[in-house]
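This report examines how side chains are arranged inside a protein model. Please view the sequence and the structure together while reading.

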Amino acid sequence: MSASYDAAAVAALADQPISWQDKALPPSFWGRTVAEVLADKPRLSNLPTPLLTLSAPGLQHNVATLARWCAEHGVDLAPHGKTTMAPALWAAQLEAGSWAITLANAFQLGVARSYGVSRVMIANSVISPLQLRWIADELAADPDFEVMVWADSVRTVELLDAARAAHIGPDARRLDVLVEVGGAGGRTGVRDVETGVAVGNAIADSRTLRLAGVAGYEGAIARGADEAGLEHVRSYLRDLAAVHTSLQEQDRYDADVVPVVSAGGSAYFEQVAEVLAPLGKNGARVVLRSGAYIAHDDGYYRKVSPLGSVPRTDGERLIPAMHGWIRITSQPEPGLAIFDAGKRDLPFDEGMPEPQVLRPRTAGDSARPVDGMTVTKLNDQHGFLRFSPDGEPPLVIGDELRVGLSHPCTAFDKWGLIPVIDDPDADDPVVVDLVRTFF
């Protein structure tokens, strides 16, 4: 059963006023609500640069595509909400059948609770007593609220149990905890099956916790999509499955618990289904946590996603649904143009922006593809665009370009209110929505 959310709270985002704090939007929009602005059907040409936009058809396609893929492969989806931190987009994912929303910390959980998300997996350890007390109070106040956290050591289990025992009564709901399995060279997570089982036993034996399953993140231990990398992912997933199977064979799960076995970002979800989906036949709920898929990209995920430019699994390809828009502000030397976007506007950690389309210069012109240009560097608020110094420069000061982007997780966090357009390939797209983020 899919998690629920507060539809009225999400709808009320349209009643929020736009202000100078919303850098994507011009002063002519300030003081008006989102709904009022959208009623005028503004166009891309009404917005300043630099700018990040989302594609309405791209978002819809990607949400539907992965929901369908999960259903066909026998796994549930708890998309990682940290990618967008946008309740309106979480709502679309939940409406498409997502079992839960995944988040990374207690602050993000606070956003989810404000918008009524009923089931959340925190893909992390939460050991702050202040946060644990607040989570305990939320569980006590709302019997329909479900939250799961991770633990990768007996020490973590002891801290969880002690903080909760000092705050709650003997009849309080227990906190669901998953054993986190990691891998050599990764980040958190137990490094071997034996330790994972020990952590699971500690959870099961605690006073205030309930063993709810096993989880991990394969993306932290493998890069690329060559066969050696994919087999490394499979090996890791087999270890994760072994921890769950051992705990299940020892009857460490409560009789009323459907154990969750969870892995899967947006790069290796076909391996997760291959290795873990069979556990569903023995009573487990296998859950993917892909997040970046909703926007996909023109960089890292285009290359490594199972539904990217070179598909590794059946199903429709994902579509890049986010773009940057930049304006040339200087041509200080041959072969170099400077534009008005930098690290504070566009993602750069998984690859530089990719020049794609030159916007119409004058009325009657059409947008046209560009080539032979490369973004080589970003400063805080400037970007460097290189091209051949020979011949007539392909750009002039004032030209506006659409650029492809790499890595949604470091794109959304730079913008508090993101325009959604009807067609990123149109000469002057219509803004059909404004998505609020909370970072």
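## Aromatic pairs

Tyr300 and Tyr301 are both buried, where buried means under 20% relative accessible area, exposed over 50% and partly exposed in between, using a 1.4 Å probe and protein chains only. The model is predicted: local features need pLDDT of at least 70, side-chain atom pairs count only at pLDDT 80 or more, and totals for chains, interfaces and linings use all residues. Residues are numbered from 1 along each chain as its sequence is written, and side-chain values use heavy atoms, leaving out hydrogens and water.

There are three aromatic pairs in the structure. Rings of Phe, Tyr and Trp (its six-membered ring) pair if their centres lie within 6.5 Å; planes under 30 degrees apart count as stacked, over 60 as edge-to-face and the rest as tilted. With centres 4.9 Å apart and planes at 70 degrees, the rings of Trp69 and Phe269 are edge-to-face. Trp69 is buried, at a relative accessible area of 2%, and Phe269 is buried at 0%. Tyr300 and Tyr301 also form an edge-to-face pair, 4.9 Å centre to centre with 75 degrees between the planes.

## Charges over rings

A charge sits over a ring if NZ of Lys or CZ of Arg is within 6 Å of the ring centre and within 35 degrees of the ring normal. The charged end of Lys23 is placed over the ring of Trp415, 4.1 Å from its centre. Lys377 lies over the face of Phe384, 4.4 Å from the ring centre.
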